[in-house]
Amino acid sequence: MRSAAILVLGDIGRSPRMMYHAQSFAENDFTTDIIGYGGSKPIPSLERLPKVRIRHIPELPKILHRLPFLLLAPLKVMHQVINILLCLLVWIEIPPEFIVVQNPPSIPTLALVQLVGRMRGSKIIIDWHNLGYTILAMRLGSTHKLVKIAKWFEATFGYSAYAHLFVTRAMRDHLVEEWDLQGHKIVLYDRPPQSFHRSSVQETHELFQKLHPALSLNNDLQNFLPDASPPYSTYMTQTSTRLTSPTGFPITQTVTTYTNVEMPKLRPDRPAIVVSSTSWTPDEDFGILLDALKIYNARAEEIFKAKTTKPKLQLPKLLVILTGKGPLRDKYMKEVGVLQKSWKWVRCISIWLEAKDYPILLGAADLGVCLHSSSSALDLPMKVVDMFGCGLPVCALDFACLNELVKNGKNGLIFKTSLELASQFERLFTSFPNAPQLALLASSLANLSGSPSTPTNPHIPKPHSKLDHDADSWHWSTWEENWGRKMRPLILSDVNL
């Protein structure tokens, strides 16, 4: 029996890359333990695969969360140390052949896995998502003593491992030069699993049936969305039937019976859906999106009132769906609630979706927005990877190594200011739902992996597979293909990669 342990030290259900690691190890016949906190539901395959065992770390009592950060931090670390050691040394009886650890957080995980690796003979694989000390510096400042200690800790215990995985070439090059990392060094780009694809109209119809109760009770959406009567119509789709008039001519209408109901179709009066997946943290400047939406709302109203404007050049209503959880969510949503009382063309809502529904929403949307700005400028946003996997064009906030993923004008648009983002909204959504600029941008996503399902937007081509990713061109592969080429040789033999 071969075995692996995946240490997340975060909410397992909100750590897609580590869940995909666990799935891939299990599918390659490894008994796999994934260790982390509960809270969000994991991807269905982790609950389905017999070789995967989910082990939850107990949370620190909530009453202690009221303590100041300088008191809470050491208590939290001690609590984590005890539970991680119990899990890796006691609860997992057979020593795992590989221990894959997510970084950050660095403290205490990097030191603990190095200790356990020596005690149990396990090979350590560090998956570098970002740098922990740079995230801490956002809170305390780069000159703070704790930040300097965190950097020393990360460099010391991350220096040597059986293998290092990096989400970008920039991160690999920086850490190899800065810390002289020892071990195999592999760039493993984030990629979504094969289940991510452009949603069919039927999938969109079923998703918005499911969301209808919540949307219909949202006061901010009153008189904004078109009328809907599930299951025959939703805010985005409608079914119709062929009735016969007394004269024998067919009549098409929305029906209130299932008799001769046709397959769902996209409504021509639907709003455009913009999705932004956010963790509601300081490294995402949500204010840029708010300012851009203010500008768009004013511009849409101006165009609507202009008598010389051709109807086909008008702008649609935008339904901006914000997904995710985080500390700044309530603050920003209160601000949104005040602003959109005077908005006619834009509405923002925040929802939390189950893991199985999230890719369906991405595949049903018209545009994605990424507000991620890396603390280290060395990582890439997983949310854009998910959007590309679902054939969804993206507008992304610019930072140092973003061009490893988003090629401006080819598979997405890059912005630096709210004015630029608002301009991109106007350009892409003009004449929606038959928006030529949006269709042109989305056409580059025809090279992405996808399912044989019918695309939700007929102007967005159905994706196909194209492998690999290099410095000079933009290509794509699924997680399974990428992991199989990079990780499988590493774990099945001692090939020097």
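Contact here means heavy atoms within 4.5 Å. All views show a predicted model.

View 1. Aspartate 190 lies in the loop that runs between β7 (182-187) and α8 (201-216). With 8% relative accessibility, aspartate 190 is classed as buried, because the cut-off for buried is under 20%. When neighbours within four places in sequence are set aside, the residues in contact with aspartate 190 are Arg17, Val167, Leu380, Met382 and Val385. The side chains of aspartate 190 and arginine 17 make a polar contact of 2.7 Å. Arg17 and Asp190 also belong, with Asp127, to a network of salt bridges.

**View 2. Salt bridge between arginine 169 and glutamate 404.** The closest N and O atoms of this pair are 3.7 Å apart. Distant parts of the chain are linked here, the two residues being 235 residues apart: arginine 169 is in helix α7 (residues 169-179), and glutamate 404 is in the loop between β16 (394-397) and β17 (412-415). Arginine 169 is partly exposed at 22% relative accessibility, whereas glutamate 404 is buried, with a relative accessible area of 4%. A search of the whole structure gives 17 salt bridges.

View 3. Lysine 294 pairs with aspartate 291 in a salt bridge whose closest N and O atoms are 3.5 Å apart. Lysine 305 and glutamate 301 are 4 residues apart in helix α9, so about one helical turn lies between them. Lysine 305 counts as exposed, with 58% relative accessibility. Side chains of opposite charge can pair when their charged atoms come close.

**View 4. Nonpolar surface patch formed by Phe69, Leu70, Leu146 and Ile149.** Together these residues have about 350 Å² of accessible area. Two or more residues of the nonpolar patch come from each of α3 (69-91) and α6 (145-158). Leucine 146, one of the patch residues, is placed in helix α6. Its relative accessibility of 33% makes leucine 146 partly exposed.

Key: Residues numbered from 1 in each chain as written. Predicted model: local features only at pLDDT ≥ 70, side-chain atom pairs only at ≥ 80, totals over all residues. Heavy atoms only, no water. Buried < 20%, exposed > 50% of the residue type's maximum accessible area, 1.4 Å probe, protein only. Polar contact = N/O pair within 3.5 Å; in protein donor to acceptor, adjacent residues only side chain to side chain. Patch = residues over 30% accessible without salt bridge, like charges linked within 9 Å, V, L, I, M, F, W, Y side chains within 5 Å. Areas by Shrake-Rupley, 256 points an atom, 1.4 Å probe, with all protein chains shown as cover. Salt bridge = Lys/Arg side-chain N within 4 Å of Asp/Glu carboxyl O.
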